[in-house]
Amino acid sequence: MATTIFTKIIAGEIPCFRVYEDDKVLAFLDISPLSRGHTLVIPKEPAETLDQLSEESAAALGRVLPRLGRAILRATGATAFNILQNNGAIAHQVVMHVHFHVIPKYADGAGLGLQWPARSLGADEGKALAIAIVGQIG
Ligand code: AMP
């Protein structure tokens with residue numbers, strides 16, 4: 001995996017506003033926040049996208065996300081938040097190191113804006129897709 005700005009933050013070569021660290025995870029404030037308290041939670045393991053991450057690092061991220069969510073809500077006074085996790089450039093990933101965005105949502109609308117172009121899932125399509133995905137789970 002190529003070096004990214006997050007690799008340098010993990011190594012301490014670039015400063016960040018750190019809010020949490022353990023042996024597998026680092027969390028720090030996003031430098032261009034969508035809302036007050038917007039935080040990034042990253043594995044120390046170098047992996048570009050979530051599907052390439054080890055189960056150990058994924059578990060460490062999953063373990064700490066609720067705690068960080070609670071802390072961010074308490075610290076900001078927000079009562080809602082979104083978790084955003086982009087994988088791949090066409091899915092809006094800019095920094096190619098796995099990261100979870102924790103983005104407080106405020107009553108005035110500040111936070112993550114969403115477009116959700118939902119369609120309906122047909123029965124045949126649903127059955128075939130579920131079978132295909134089940135067959136690919138290792
Ligand atoms: P993504 O589009 O999911 O790859 O988001 C990358 C995020 O990293 C953006 O929200 C950026 O504002 C954030 N970011 C980039 N460089 C830094 C940095 N040096 N410190 C904190 N956040 C950063």
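**Entry 1: the rule I used.** I counted a salt bridge wherever a side-chain nitrogen of Lys or Arg lies within 4 Å of a carboxyl oxygen of Asp or Glu. I also noted for myself that this is a predicted model.

**Entry 2: R18 and E21.** I began with R18, which pairs with E21 in a salt bridge whose closest N and O atoms are 2.6 Å apart. I then looked up how open each partner is. R18 is exposed, at 54% relative accessible area, while E21 is partly exposed at 37%.

**Entry 3: E21 again, now with K44.** I found E21 in a salt bridge with K44 too, and here the closest N and O atoms are 2.7 Å apart. Where do E21 and K44 lie? I placed E21 in strand β1 (residues 18–21) and K44 in the loop between β3 (39–43) and α2 (55–76), so this pair ties together parts that are 23 residues apart in sequence. K44 is partly exposed, with 25% relative accessibility.

**Entry 4: K24 and D23.** I also looked up K24, which forms a salt bridge with D23; their closest N and O atoms are 3.8 Å apart. K24 counts as partly exposed at 30% relative accessibility, and D23 is exposed at 63%.

**Entry 5: who surrounds the ligand?** Next I turned to the ligand and found 16 residues around it, of which D30, H92, V94, H99 and H101 come nearest. Which helix or strand gives the most to the shell? I found that α1 does, with three residues. Both α1 (5–11) and β2 (25–29) supply at least two residues of that shell.

**Entry 6: polar atoms at the ligand.** I noted a polar side-chain atom of D30 at 2.5 Å from an oxygen atom of the ligand. From H92, a backbone N or O atom lies 2.7 Å from a ligand oxygen atom. I31 brings a backbone N or O atom to 3.1 Å from a nitrogen atom of the ligand. I then checked the cover: on its own the ligand has 500 Å² of accessible area, and the protein covers 82% of it.

Note on methods:
Residues numbered from 1 in each chain as written. Predicted model: local features only at pLDDT ≥ 70, side-chain atom pairs only at ≥ 80, totals over all residues. Heavy atoms only, no water. Buried < 20%, exposed > 50% of the residue type's maximum accessible area, 1.4 Å probe, protein only. Helix = DSSP H or I, 4+ residues; strand = E, 2+ residues; numbered from the N terminus. Near = heavy atom within 4 Å. Polar contact = N/O pair within 3.5 Å; in protein donor to acceptor, adjacent residues only side chain to side chain. Areas by Shrake-Rupley, 256 points an atom, 1.4 Å probe, with all protein chains shown as cover.
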